[in-house]
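Here are a few exercises to work through with the model open beside you. Try each task before reading its solution.

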Amino acid sequence: MKRSFLLYFFITIVGVIFIGRLFQLQILRGQNYDPINNPAVKTAYDYPERGYVYDRNGKLVIANQLSYDVMIQPNKVEPLDTLEFCTLLKIDKNSFITRFQRAQNYASYLPSVFLKQLAKEDYAYLQEKLHNFTGFYIQKRIIREYPINAAANVFGYISEVDEEKAKNSSYYEQGELIGKAGIEKEYENFLRGTKGKKYFHRNRFNKVTGSYRDGVLDTLPVNGKDLTLTIDIELQQYAERLMSGKRGGIVAIEPSTGEILALVTAPSYDPNMLVGRKRSKNSVFLMDPKNPDKPAYDRALMAQYAPGSPFKIMNALIGLQEKVITVNSSFQCYNGFRYGSRKNEFMGCHCGIVGQPIHLKTAISKSCNSYFSNTFKRIVEKDNEPSIGLNTWSTHVKSFGLGNYLGYDLPAGASGRIPTGDYYDQRINFRWNASSIISNAIGQGDIETTPIQLANFTAAIANKGFFYTPHILKKIDGAIIENPKYTVPKKTTIDAQHFDPIIEAMHEVFKSGTGKWSQIKGIEICGKTGTIENSIKIIDGIKTQAPDHSLLVAFAPKDNPKIAIAVFVENGGFGSTIAAPISSLIIEKYLRNEISKPWVEEQMLALSLQDIYEQQIQKPETFASGTK
């Protein structure tokens, strides 16, 4: 009796466990069960369309096109006419062997890409012939298409998922496409959509025998979301044309929102160069570190330059805030500024006002080095503690977004450099003071900024003391983004009342100062030119002073500003001769969609600095015949 009871009890327990397991599989897991890791189930993916991208005015800038991959499953390949097959695919025999071995090494029983992205004209012809080659088939794939040749640095590109990424991802398989730069990378999760899945039974010979569970777990693909960017693609194209034959960067921002209107790096490239089978070959050229043009290097976001004279505006604001100067403070200039313990060192000045009192407004409009050297000295040595004084100065500067990555929504960037007292305490082995670092007074020395930082700095001045984090995304599937990161203003440490005299002085730059030849009738432009002294380079064994860089920061109109801009042209010389006219053209184009000085436009479009750039390339050594 006892044994019978134990037997019944054991059978009951087993039954309960079995029923519980069935309940878990059929009810609890049910529709949410994903058999992707079940070796008896084959998973086939149905790829969605990647999201389309539009500019701020609704113009399509990124689209999709069909591509065709030749797939292979090695264990199904039968003997074939290799010569005919290679001729069809336009490859040689060695390439065939390499590709076949790679597919076998990956998994002989799984399909993989044999030849990527056939040309459209090749697809139709190959489709008729491919049935003669068992184990090969064509798989459609959606790749990118860029209808407008512009903004390659903004758009980025997509590329195949590598083995390492696939191993560490629960979503991507090796060979699938993923954003690798620009918005394609930054907003990958929105653009990619969701893959559809179809499951099939496999027998012990790895042969598909039918749909798994009658397709109950199969899913349809969900297309990616469409994005609307903040950039004005026509303005972007125009700015890129103006930078033809030049190196540098342009960033234009809407001060009231932080929306990026144009983001230009020069030289650049056609974004379609990184689409399809030609991508691999073109990427070698574009990303070659030995290529002096560096077309894939985003100078607008990553190039770190001394800010030069526009930084004098910053020192003026800090001087006013720290009460070491007023709008009526004056200094005299004798063609420069003498400094050092014995006043035996000299910084030259070209303001043209000798031996007369110079006030703040004139100092900015005429770009007086003496005025701002005295101002910087007063800031740093305010309490006779230069290290503490410079830390205070640095805090003010950084409140404008300089010296950090700003937090914009593009993956590339550089922080720049704003030195502190600690920075010099660690690098100078004597008791230093403002005279030891006086070049910082005029935006040279150890200060480094990027073009986007300077544009943002200018937007903060236009707003009289605050800025919105620059960003490139405006809408997702038609809905305006409401991210506090981009909609909440960031306040600087400078009180609002100090900006009015600075803005008046920046307006004077275009009325009677260094930017007067670039003023536009009917548009009140406020700005500051900059001529950045360049380094001495060794070219062919000779010390050579490289030509200065040309810079201008500006906003317009003076009241209710619509655009803030920074234009940086490498080796462009005076800020007033290249950066200033380019800035004015872009401002007028954006505000009026017309150009009132076509002769200036023609001059800037035709201007090329390529000869200057080529002169700075170190030539390889040449040797006489027969020698080493």
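**Exercise 1. A central strand**

How many bridges join E11 to E12, and do they run parallel or antiparallel?

Solution. A word on the ground rules: this is a predicted model, where local features need pLDDT of at least 70 and side-chain atom pairs count only at pLDDT 80 or more, while totals for chains, interfaces and linings use all residues. Residues are numbered from 1 along each chain as its sequence is written, and side-chain values use heavy atoms, with hydrogens and water left out.

Step 1: Helices (H or I, at least four residues) and strands (E, at least two) are DSSP runs, numbered from the N terminus. Two strands pair if DSSP finds at least two bridges between them.

Step 2: look between the strands. Seven bridges join E11 to E12, and the two run antiparallel. To find your place, take valine 251, whose bridge partner in E12 is leucine 263.

**Exercise 2. The whole sheet and what covers it**

Work out the strand order, then find the helices that lie across the sheet.

Solution. Step 1: the sheet is open, has five strands in the order E12-E11-E25-E24-E21, and its pairing is antiparallel. The edges are E12 (259-266) and E21 (526-532), each of which pairs on one side only.

Step 1: check the E21 side. E21 and E24 (residues 549-556) pair in the antiparallel sense over seven bridges; one to click on is cysteine 526, with phenylalanine 555 as its partner in E24.

Step 2: For angles, axes are lines fitted to C-alpha atoms, for helices over the stretch in contact (heavy atoms within 4.5 Å), and angles run from 0 to 180 degrees between N-to-C directions. H9 (residues 233-242) lies across E11 and E12, at about 30 degrees to E12. H20 (residues 579-592) lies across E11, E12, E21, E24 and E25, running at about 150 degrees to E25.

Step 3: see how covered E11 is. Seven of its seven residues are buried (under 20% relative accessible area, with a 1.4 Å probe and protein chains only; exposed is over 50%, partly exposed in between). In a regular strand the side chains alternate between the two faces of the sheet. Here Gly248, Ile250, Ala252 and Glu254 point one way, and Gly249, Val251 and Ile253 the other.

**Exercise 3. Two packed helices**

At what angle do H14 and H15 pack, and how far apart are their axes?

Solution. Step 1: H14 (residues 369-380) and H15 (residues 386-398) pack at about 110 degrees, with axes 7 Å apart.

Step 1: Under 35 degrees is roughly parallel, over 145 roughly antiparallel, 65 to 115 roughly perpendicular and the rest oblique. H14 and H15 are therefore roughly perpendicular.

Step 2: list who touches whom. Phe376, Ile379 and Val380 in H14 meet Pro386, Gly389, Leu390 and Trp393 in H15.

**Exercise 4. Ring geometry**

Solution. Step 1: rings of Phe, Tyr and Trp (its six-membered ring) pair if their centres lie within 6.5 Å; planes under 30 degrees apart are stacked, over 60 edge-to-face and the rest tilted.

Step 1: phenylalanine 337 and tyrosine 339 have ring centres 6.0 Å apart and planes at 10 degrees, so they are stacked. Phenylalanine 337 is buried at 7% relative accessible area, and tyrosine 339 is buried at 12%.

Step 2: tyrosine 423 and tyrosine 424 are edge-to-face, 5.1 Å centre to centre with 90 degrees between the planes.
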